[in-house]
Structure formats: structure tokens, C-alpha cells
Amino acid sequence: MNGAQDLGGQMGFGPIELEENEPNFHADWEKRAFAVTLAMGATGTWTLDASRFSRESLPPDVYLSSSYYEIWARGLERLVVKYGLVTEDELKEGQPKAPAQPVKKVLKSADVATTLAKGATVDRPQSEAARFKVGDPVRTKRMHPEHHTRLPRYARDVVGKIEAIHGVHVFPDANAHGKGEQPCWLYGVVFRGPDIWGEDSDPTLTLRIDLWEPYLDPA
Amino acid sequence: MSGHDHDHDHSELSDIELRVRALETLLTEKGYVDPPALDELIETYETKIGPKNGAQVVAKVWTDPDYRNRLLEDATSAIAELGFTGRQGEHMVAVENTPGTHNMVVCTLCSCYPWTVLGLPPVWYKSAPYRSRAVRDPRGVLAEFGITLPAAKEIKVWDSTAEVRYLVVPERPEGTDGWSAEQLAELVTRDSMIGTGLAASPEQAKESA
């Protein structure tokens, strides 16, 4: 979706603010928001794509004025209600009222290390042949879907070239919305800076974006 | 903030602190999360998983040509050889800087980052200024990090939109012939593995020691 998360090429955010000591967390609530988000992800109630969609669905003024872990916390609030684990009323009151719903798994501390080390791979068996091969010119789709997508706005309707083939991966546009994984080919596509940014572009710039086959047409 | 009627006991707490506290309490009391697991998650990323993992990978690349080839061929398994696997590092690709090319990594859509080798990303990596500008004006961004590259050097920017995560292998600093992998790892900065910095020279390393 064309939400506030789609930041590539936007202007006016000012210089990059560097910190001296760069703590991982700047307050206790940031630690809690981080850990609760990971632990709830481990219940298997929603996918990583769905949680990304939840965050980017925050109203643009909220998204852009929230710190990073605040975006996580607000995204999680929406997820637990949307997936029926918590009611609006409970969230408002901060008190449990309705019975808990069954979840696939509750992460225990003894399992944290193995769960993190295992991760969750998103490559899947290949059933159909890839449509493109390395070196093929491709044009990205002109599209403005209201659903989740990983084709950034700045790279739509632009010609690039297939540079890498990453295999078959879960398709976020479907997986974010409970439509199953619908795995498809994932490519590394290279674009010339001037083809994206026009004649003001740094002439030495090239951009690489990982794009799923449904985003691409032959050019 | 929506008023002050709810925080009479904790008037020092901000709206977000109250919201996160309420959310954690609710999810704990409903049995969806186990508090010791939360502490373990925090502890892990505060003390165990960080950029030193990535520095070991780079130092090995600099000292072991076979390892370099394996890493460039299949970074996921080459990195797993050193024991770094898992969350946000399931599908790794390594990209190597050369005299003619500089690589830089960003995630314009969220905050994709190779946790397994670099730990959690710094605030600037997740911020709007970096995410908006890295793809359009990488030289301007590099200048803010104190880096000026030769005008002819190609800049490759990697926008991580998939679950593929990128690790930049910086150029090995001059004057390090004969150094051990352990010594070299000390020169590998976190930023050099994102592409917003270069590896430290032996002189710089001495100054900061």
C-alpha cells in the first residue's frame, strides 16, 4: 500500500541523526515492546508480512511522528485485536475480560535460543520454471494496490535487468492477507540511477531491489 | 496523549509507556506470552547477537580465499559455518567492495537488517532520513557519515525488500599484511558492513583503542 512506510526518494526529513553510544534500547518500554512483538510473532497467529502490513496501515501522521518501537507497539495492538486474541475493550481498559483464545504456541524462555537460531525460512520448493533469466530486461508494473506489497513506489513502471535469481519465495502480497503463501520466483533486479531519478541522478548510482515475478513484465 | 484521568498513579509515565505496559500485562494475563521468555529475548539481543559476529565473517573473508569464494557463492551457509544462523538471517547475500565499487544497504519499506551478523539496527538505519535518502542520494548520506568516495567509484545501493539480507564486505585496509583474523576483526566496523562506513585503518584503530 502507498503508506507512510514507503519512504524511498521522499524529501524533507533532514539530516541523519547519529548517536554517540547507540544503545539498542533507549527506555525500558522499548525493550518490552520489542520482546512482546517477537513473542507474539512466535505464537504463529499471523505472518511477518501481516505484521508489516499492520505497521504500514497506521495513519501517516501517526507513523511519521512515532519512534520505531512505538510503531511496533501500535502495530501489535492492531494485530491482537484483528486476530481476535484481545478485544478493543480489553485493550482500552488494560484488563482481561474475555476468555483467552487458543494459540499454536507460547514461547518459553528455554526455547528462545533455538527458536531464534532456527528462524523462519521463506524459500519454497520450485514447481514451475522461472519466467526470466539473468540478463533479461524487465519493466516493473505500474501499480498502486491497497494491499501489502514490496514493490516500492519509486521503482514502479521502470525498466531494469535481472541480475540474480533467488529461487521461489513466499509472496508477501498474498501472505500478508491470509491468502496463503502463494510462493513465486524472486529476482534481484538492477536499475540505473538515471532511469529511476532522471537526469539529476548520480550517474554512478545503480540500485538493486529484490522483486517477485508478479511485479515484473518483459521489457 | 488522550488526557490524564488514567495515570493518577504514574503521572511520570508517558502515553507510550502506559500503552506498552498495558499491552504486556494483558497478553501475559491471557497466557499468550511468558514473562521469562521476554527477558530472555532482550538479554539475547543486548549481550549475544551483535556486529562482532559480522566482523568475524569479514576477517575470515580477508584471510581465507576459499571461505571468500564460499561466502560469495552462498552466504547463508558460509555464515552458518561460523554458527550465525536464524532470525533475520535466513537468506543471506554478501556483497564485496572493490576499488571500483562501493555497496550500501537500506530498507526503504521497513527495517530489514541482518540481525544474525550485525545485531539490532541502530536508530538512524530505521529512521526516515536514512530510508528516504539512501536510494536517491547515497553520496550525500555518506558525506554525513564522514565518507567521501572518488567521483568515478560506482555506488550500488541494495534496497532489502525481501527476506534476503545483505552483508557488505568492506575492502581490507592497507598496512595489514600478515595480520591474523582476530586482529583484522578489530578493524571491521558495524557501519562498514552496512556500507555507510569503511573498515578502520590500523592508525584509526590505534587512536580509538
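1. In this predicted model, A:I165 has A:Y187 as its bridge partner in β4(A). The two strands concerned, β3(A) and β4 (residues 184-192) of chain A, pair in the antiparallel sense over 7 bridges. Pairing is assigned if DSSP finds at least two bridges between two strands, and the elements themselves are DSSP runs numbered from the N terminus, helices being H or I of at least four residues and strands E of at least two.

2. Strand β1 (residues 123-124) of chain A joins β3(A) in the antiparallel sense over 2 bridges, with A:V168 as the bridge partner of A:R124.

3. Residues are numbered from 1 along each chain as its sequence is written, while chains are lettered from A and ligands numbered from 1 in the order in which they are written. As the model is predicted, local features need pLDDT of at least 70, side-chain atom pairs count only at pLDDT 80 or more, and totals for chains, interfaces and linings use all residues, with side-chain values resting on heavy atoms and leaving out hydrogens and water.

4. Chain A as a whole contains 8 helices and 6 strands. Along the sequence these elements follow the pattern α-α-α-α-α-α-β-β-β-α-β-α-β-β. The C-alpha atoms of chain A fill a box of roughly 55 × 45 × 35 Å along the principal axes.

5. For chain A, an unreviewed UniProt entry lists "domain: Nitrile hydratase beta subunit-like N-terminal" at residues 1-110. That span is 45% helix and 0% strand, with its end C-alpha atoms 38 Å apart. The unreviewed entry also lists "domain: Nitrile hydratase beta subunit" at residues 123-217 of chain A, a span with 9% helix and 38% strand whose end C-alpha atoms lie 22 Å apart.

6. For chain B, UniProt (unreviewed entry) gives "domain: Nitrile hydratase alpha/Thiocyanate hydrolase gamma" for residues 15-196. This stretch of chain B is 46% helix and 13% strand, and its end C-alpha atoms are 34 Å apart.

7. Chain A and chain B bury about 7,100 Å² between them, 63% of it on carbon and sulfur atoms; buried area is the accessible area (1.4 Å probe) that two parts lose on being put together, summed over both. In chain A, the residues losing the most area to chain B are A:I16, A:R32 and A:R208, together 10% of what that side buries. The contact (heavy atoms within 4.5 Å) takes 85 residues from chain A and 75 residues from chain B.

8. Between chain A and chain B there are 38 residue pairs in polar contact, both residues being at pLDDT 80 or more. A polar contact is a pair of N or O atoms within 3.5 Å; within protein, one must be able to donate a hydrogen and the other to accept it, and residues adjacent in sequence count only if both atoms are side-chain atoms. On the side of chain A that touches chain B, the largest share, 10 residues, comes from α1(A).

9. β5(A) runs parallel to strand β3 (residues 154-159) of chain B, and 5 bridges join them. Within β3(B), B:D159 is the bridge partner of A:I209.

10. Which residue forms a salt bridge with A:E22? The partner is B:R190, the closest N and O atoms being 2.8 Å apart. A salt bridge is a side-chain nitrogen of Lys or Arg within 4 Å of a carboxyl oxygen of Asp or Glu. The interface of chain A and chain B holds 10 salt bridges, and the count over all chains is 32.

11. Within chain A, A:D6 forms a salt bridge with A:R153, the closest N and O atoms being 3.5 Å apart. A:D6 lies in the segment before α1 of chain A and A:R153 in the loop between β2 (137-140) and β3 of chain A, so the pair ties together parts that are 147 residues apart in sequence.

How values were computed
UniProt positions renumbered as here; feature names shortened; annotations may be inferred.
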